[in-house]
Structures are given as structure tokens and as C-alpha cells.
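Q: Hi! I have a model open here and would like to talk it through. Can you help me read it?

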Amino acid sequence: MNPQLGDPYRATIVQGRRDEVRHAMLRGVARGDLRPDAHIDVATELLVGPVYFRLMFGGELTRAFAERIVDAVL
């Protein structure tokens, strides 16, 4: 298999950000803010997916937008 150009970027930058979100969510579970049966990996993707979409295809990244995404995931 040939290495893809994006592989190093995903392995360092993207995975690092995913790990940060994952740890924050795990802290939320530990504090009781999130359900213990929460699907952390899916929730992480649901949180960051809309941000990447707007970055790629246009749209404002506002506090109101972020709050709507968090409310929807919770």
C-alpha cells in the first residue's frame, strides 16, 4: 500500500485534536456530565464534523453555531 499524502497530517494533527476532544468527553463522563454509556468516538465525530464541513465548504464558525452543535450532541 502506498502512503497517502494526508496520512502524516491525520496521524499527527487530526488525531491529536480527536484525542483532546475524546479526553474532554471522558472527563465529562467521569464527572457525571455525560452518560456513562456515551459513544465517545461517535460523539467526537458529531462535534467536529460540522466544524470541518464549514471550514471546507464555507459558513461561519460562531459561538451560537458551536452551542447548537453541542446541544444536538448532548
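A: Happy to; we can go through confidence, helix packing and aromatic rings.

Q: Great. What is the mean pLDDT of the protein chain?
A: This is a predicted model, and the chain has a mean pLDDT of 87, with 95% of its residues at 70 or more.

Q: And which elements have the lowest and the highest mean pLDDT?
A: Helix 1 has the lowest, at 85, and helix 3 (residues 63-73) has the highest, at 93.

Q: OK, on to packing. At what angle do the axes of helix 1 and helix 2 cross?
A: At roughly 120 degrees, and the axes of helix 1 (residues 7-31) and helix 2 (residues 40-57) come within 10 Å. The two helices are therefore oblique to each other.

Q: Is that crossing left-handed or right-handed?
A: The crossing of helix 1 and helix 2 is right-handed.

Q: Which residues in helix 1 meet helix 2?
A: From helix 1 you have R18, V21, R22, M25, L26 and V29, and they meet I40, D41, A43, T44, E45, L47 and V48 in helix 2. By class, that contact has eight nonpolar, one polar and four charged residues.

Q: Nice. Changing topic: how many aromatic pairs are there?
A: The count comes to one aromatic pair. The ring centres of F53 and F57 are 4.9 Å apart and their planes are at 45 degrees, so the pair is tilted.

Q: Where are F53 and F57 in helix 2 relative to each other?
A: They are four residues apart in helix 2, so about one helical turn separates F53 and F57.

Key: Residues numbered from 1 in each chain as written. Predicted model: local features only at pLDDT ≥ 70, side-chain atom pairs only at ≥ 80, totals over all residues. Heavy atoms only, no water. Axes fitted to C-alpha atoms, helices over the stretch in contact; angles between N-to-C directions. Parallel < 35°, antiparallel > 145°, perpendicular 65-115°, else oblique. Left-handed = near helix turned anticlockwise from the far one by under 90°. Contact = heavy atoms within 4.5 Å. Nonpolar A, V, L, I, M, F, W, Y, C, P; charged D, E, K, R; others polar. pLDDT = per-residue confidence, 0-100. Phe/Tyr/Trp six-rings, centres within 6.5 Å; stacked < 30°, edge-to-face > 60°.
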